[in-house]
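Dear colleague,

Please find the structure we discussed below.

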Amino acid sequence: MKEREAWEEAGVKGKAKKKPYGYYTYLKRVQNNRSIQSVVEVHLLRVKKVRFTFPECRERVLIWLPPTEASSRVLERELKSLISGFGRQI
């Protein structure tokens, strides 16, 4: 499941760690402009292949950034913290 999400949303193939790296919450927009609070389980994934054509490629703009720069572009405080710690896990 974790590997499939990475493929569908980012075009990356690899092996995800079984143990979650962490969690974050955010408000997900649903029908009628309503929002619901969602909890996301985050897993580290060792990337083996990157493809430019993948299921959601027309919905995404992908760039590879160092963790500190990536975290500065994220609005969710909890996700920002998780991304900042990526460099220490690699």
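The notes below cover the overall fold, the aromatic rings and one histidine.

This is a predicted model, in which local features need pLDDT of at least 70 and side-chain atom pairs count only at pLDDT 80 or more, while totals for chains, interfaces and linings use all residues. Residues are numbered from 1 along each chain as its sequence is written, and side-chain values use heavy atoms, with hydrogens and water left out.

The protein chain has four helices and four strands; these are DSSP runs numbered from the N terminus, with helices (H or I) of at least four residues and strands (E) of at least two. From the N terminus, their order is α-β-β-β-β-α-α-α. The C-alpha atoms fill a box of roughly 40 × 30 × 25 Å along the principal axes. Of the 90 residues, 22% are buried (under 20% relative accessible area; exposed is over 50%, and partly exposed lies in between, with a 1.4 Å probe and protein chains only).

Two aromatic pairs were found in a search of the whole structure. Rings of Phe, Tyr and Trp (its six-membered ring) pair if their centres lie within 6.5 Å; planes under 30 degrees apart are stacked, over 60 edge-to-face, and the rest tilted. Y21 and F86 form a tilted pair, 5.1 Å centre to centre with 50 degrees between the planes. This pair links distant parts of the chain, 65 residues apart: Y21 is in the loop between β1 (12–16) and β2 (22–29), and F86 is in helix α4 (residues 86–89). The rings of Y24 and Y26 are also a tilted pair, because their centres are 6.1 Å apart and their planes lie at 35 degrees. Y24 counts as buried at 14% relative accessibility, whereas Y26 is partly exposed at 25%.

A further ring, that of W7, has the charged end of K13 over it, 4.5 Å from the ring centre (the criterion is NZ of Lys or CZ of Arg within 6 Å of the centre and within 35 degrees of the ring normal).

H43 is in the loop between β3 (35–42) and β4 (45–50) and is buried, with a relative accessible area of 15%. Its side chain makes a polar contact with the side chain of E41 at 2.7 Å (a pair of N or O atoms within 3.5 Å; within protein, one must be able to donate a hydrogen and the other to accept it, and residues adjacent in sequence count only if both atoms are side-chain atoms). A polar atom of the H43 side chain also lies 2.9 Å from the backbone oxygen of K17.

Yours sincerely
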